Amino acid sequence: MQDYLNLFVKSIFVENMVFAFFLGMCSYLAVSKTVKTAMGLGIAVIFVLVITVPVDWLLNEYILKKGALDWLIGEKAAEVDLSFLSFIMFIAVIASMVQLVEMIVEKFAPALYSSLGIFLPLIAVNCAILGGSLFMQERELASVGEATVYGLGSGVGWLIAIIGIAAIREKIRYSAVPAPLRGLGITFIATGLMGIAFMTFMGIKL
Amino acid sequence: MILELNNTLKMAKNTKLLTDPINLNNPITIQVLGICSALAITVKLEPAIVMSIAVLFVMAFANVIISLLRNTIPSRIRIIVQLVVIAALVILVDQVLKAYVYDVSKQLSVFVGLIITNCIIMGRLEAFALGNKPWESFLDGVGNAGGYAIILIIVAAIRELLGSGTLTLPGLGEVHVLTWLVENTGYENNGLMILPPMALIVVGIIIWVQRAKTRELIEEN
């Protein structure tokens, strides 16, 4: 339980998907004009991450890793290393999950669906989602539980980041930003400053 | 004479495909695509150069393949087809990198895989390759990869120079550039430059300079 809490807090603050690794920046910059759309996209991202990271962990553990296929073909599996297929398999899982989320959102929250527009299917190519699975694979998380907690934490971290920048952007419209910095430039600088602020979490040890 | 005019027009259009993305339609600073990798792997110069070459390869050939297939892909599954093509090319690039430049590929770690979700590639496939011929799509891919590479190399050079006083060139290793300053003037490297947030601020400043020089790129309020 202690480990899970540690992993959860670490993935939200210390290894925040946006501020530490810059994952998901494209939709982060594009959908953060108002807090409402930011919230909607953030929750969709959490949902997709919470499901795809554990599923990809299971895929990795039982099919892709070196020697993972021993439950299927016995000892011959020790030399079989399918990890080069991880990219394609992870992307396939993510694309199907996003299609599912899109159908659910269209049915239960049509207003959100139309306000998110093209960015809902674009979650499939959001680097934060694929990045979550690839980091899970690289760090060799020990169990499905850890993978789920990691996915949830990464999603919540991304949500906090996008709501933060959306709130700032809503207010900055009324400030005297120099013309060349208007819009994109000041968002980059504001995100950089938020990143410096989040660095204060680096020393936390639970 | 009409044929000659036609040919010169075509050549001018094609050169535009190569030069537009460098400044006027830069994928990172104007189209806002491909930001993730541009920020994360620019701590040293060499990974930035290797990543630019990898993205160039994937973009050029993904554009050509999708352009060749553009009339046979059913519209409903086109995103999946694009993802499969890109993923296959990235697997190729990843294996080549692991074989020939293993330490750089370790530094790039997950970001080679993340080329698949690099918005520039999908973005240009949707915006250009699906509606244009293979040679033009190839040029568009090369042009956009060039625009991406320029920003990456500028940011990496600034960050590494100010952050560690070195420039890591492929083949040459780490070149200590600021040794005179360090030894004779008490100059200290700016450690903040190596940390992620400065990449964002450096790109913000590049956007500032670019839009101040080319006034028509300034956004309306």
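**A close look at the salt bridges**

Modeller: Happy to! In chain B, Asp140(B) and Arg124(B) join their side chains in a salt bridge, with 2.8 Å from N to O. This pair links distant parts of the chain: Asp140(B) belongs to helix α8 (residues 134-164) of chain B, while Arg124(B) belongs to helix α7 (residues 119-127) of chain B, 16 residues apart. Both Asp140(B) and Arg124(B) are buried. Please keep in mind that this is a predicted model.

Searching the whole structure gives three salt bridges over all chains, so let us visit the others too. Chain B has another one, where the side chains of Lys98(B) and Asp94(B) meet at 3.3 Å, N to O. Here both residues sit in helix α4 (residues 78-100) of chain B, four residues apart, which is about one turn of the helix. Lys98(B) is partly exposed, at 39% relative accessibility, whereas Asp94(B) is buried, at 9%.

Now over to chain A, where a salt bridge brings together the side chains of Arg139(A) and Glu15(A), 2.9 Å from N to O. Arg139(A) is part of helix α7 (residues 127-139) of chain A, and Glu15(A) is in the loop between α1 (2-14) and α2 (25-30) of chain A, so this pair ties together parts that lie 124 residues apart in sequence. Arg139(A) is partly exposed, having a relative accessible area of 31%, and Glu15(A) also counts as partly exposed, at 21% relative accessibility.

Conventions. Residues are numbered from 1 along each chain as its sequence is written. Chains are lettered from A and ligands numbered from 1 in the order in which they are written. This is a predicted model: local features need pLDDT of at least 70, side-chain atom pairs count only at pLDDT 80 or more; totals for chains, interfaces and linings use all residues. Side-chain values use heavy atoms; hydrogens and water are left out. A salt bridge is a side-chain nitrogen of Lys or Arg within 4 Å of a carboxyl oxygen of Asp or Glu. Helices (H or I, at least four residues) and strands (E, at least two) are DSSP runs, numbered from the N terminus. Buried means under 20% relative accessible area, exposed over 50%, partly exposed in between (1.4 Å probe, protein chains only).
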